[in-house]
Amino acid sequence: MPAIVINTHAGHELDTVSDAVDDVNVLKAKIWDSQSEFDSTKDKTTFRQYETACDRVKNFYKEQHEKQTVAFNIKARTEFKSRKRARMGIWQAMEMLNTLVDESDPDTELSQIEHLLQTAEAIRRDGKPEWMQVTGLIHDLGKLLYLFGSEGQWDVVGDTFVVGCAFSDKNIYPGTFAGNPDFHDAVYSTQYGIYEPNCGLDNVMVSWGHDEYLYNVVKDQSSLPAEGLAMIRYHSFYPYTHLMNEKDHVALEAARAFNPYDLYSKNDEPCNIEKLRPYYEGLIAKFFPSEIDW
């Protein structure tokens with residue numbers, strides 16, 4: 001079993017979750033994407049206030065937008081496939097993650113494990129299926145990349161986007177992409193770049209971070225349905241409709257159904273971790289083996 005090697009970056013505390021900047025659309029009347037009840041009375045204007053966010057958040061996105069290049073993303077995927085970072089169970093991974101604070105999130109300073117449980121509990125209170133509850137529980141575990149030897153926080157957290165074609169002006173702080181070398185590339189700066197129209201998101205490179213990493217970890221090591229995998233992969237993603245196919249539109253609907261639980265559960269009362277642990281360990285066992293490769 002590979003040893004768990006923790007890379008102690010400076011400032012080991014991250015503010016929770018930079019996920020879900022996508023607009024929350026009206027959710028459709030399916031069992032897993034009907035309108036979430038718990039957030040109906042929340043004042044959403046108090047969340048995701050990036051224009052008044054602290055300099056830490058703005059500086060984070062400037063660095064991320066400048067460094068997420070095609071070359072970096074090819075390198076990151078090669079490194080992911082070339083080694084296993086650890087072998088452990090889901091709850092152990094949650095405890096390992098609990099040392100972090102996420103610089104990209106202006107909304108909260110809760111611990112990571114509290115946010116995961118708050119997300120799962122909000123989904124549970126709305127009567128959503130068990131697979132969606134466990135998706136909420138694990139959705140940020142890809143942030144373990146920060147402990148496994150990332151280059152910084154910019155390649156772990158924050159909103160995600162396609163690399164290899166023109167950056168969308170719908171991204172947060174779009175002007176900061178001007179510092180990315182690909183912004184000036186003769187091919188990468190065009191609408192389709194290295195891709196074909198409607199080629200599908202499975203055939204493009206989404207900026208490397210905790211979403212893409214966790215998706216690749218769990219897709220072959222769990223029994224989560226396609227909707228759950230989409231919630232993990234796209235809950236921080238800005239749609240590129242000119243590259244998407246029909247399957248992608250369904251996947252993005254799943255991500256939009258998940259986003260209110262990720263985003264608007266953050267100011268709820270703290271969870272009793274030890275009281276909730278038996279329920280969620282039982283839930284984990286329904287969808288995951290006792291240990292998985294990271």
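The mean pLDDT (the predictor's confidence in each residue, from 0 to 100) of the chain is 83, and 77% of its residues reach 70 or more. This is a predicted model, in which local features need pLDDT of at least 70, side-chain atom pairs count only at pLDDT 80 or more, and totals for chains, interfaces and linings use all residues. Residues are numbered from 1 along each chain as its sequence is written, and side-chain values use heavy atoms, with hydrogens and water left out.

Over residues 1-33, pLDDT stays under 50. The model has 136 contacts (heavy atoms within 4.5 Å) beyond four places in sequence for residues 1-33. Where pLDDT is low, the predicted coordinates should not be read in detail.

Helix α9 covers residues 246-264; helices (H or I, at least four residues) are DSSP runs numbered from the N terminus. From first C-alpha to last, the 19 residues of α9 reach 28 Å, close to the 27 Å expected at 1.5 Å a residue, where the expected span is 1.5 Å times one less than the number of residues. At the start of α9, a side-chain oxygen of N245 comes to within 3.2 Å of the backbone nitrogen of K247. A kink of about 35 degrees lies at F258, shortly before the proline P260; the bend is the angle between axes fitted to the seven residues ending there and the seven starting there.

| Helix pair | Angle | Axis distance |
|---|---|---|
| α5 (residues 130-138) and α10 (residues 273-287) | about 110 degrees | 10 Å |
| α8 (residues 226-234) and α9 | about 75 degrees | 8 Å |

In α8, E227, A230, M231 and Y234 meet residues of α9 including A251, L252 and F258.

Technical notes
Helix = DSSP H or I, 4+ residues; strand = E, 2+ residues; numbered from the N terminus. Polar contact = N/O pair within 3.5 Å; in protein donor to acceptor, adjacent residues only side chain to side chain. Axes fitted to C-alpha atoms, helices over the stretch in contact; angles between N-to-C directions.
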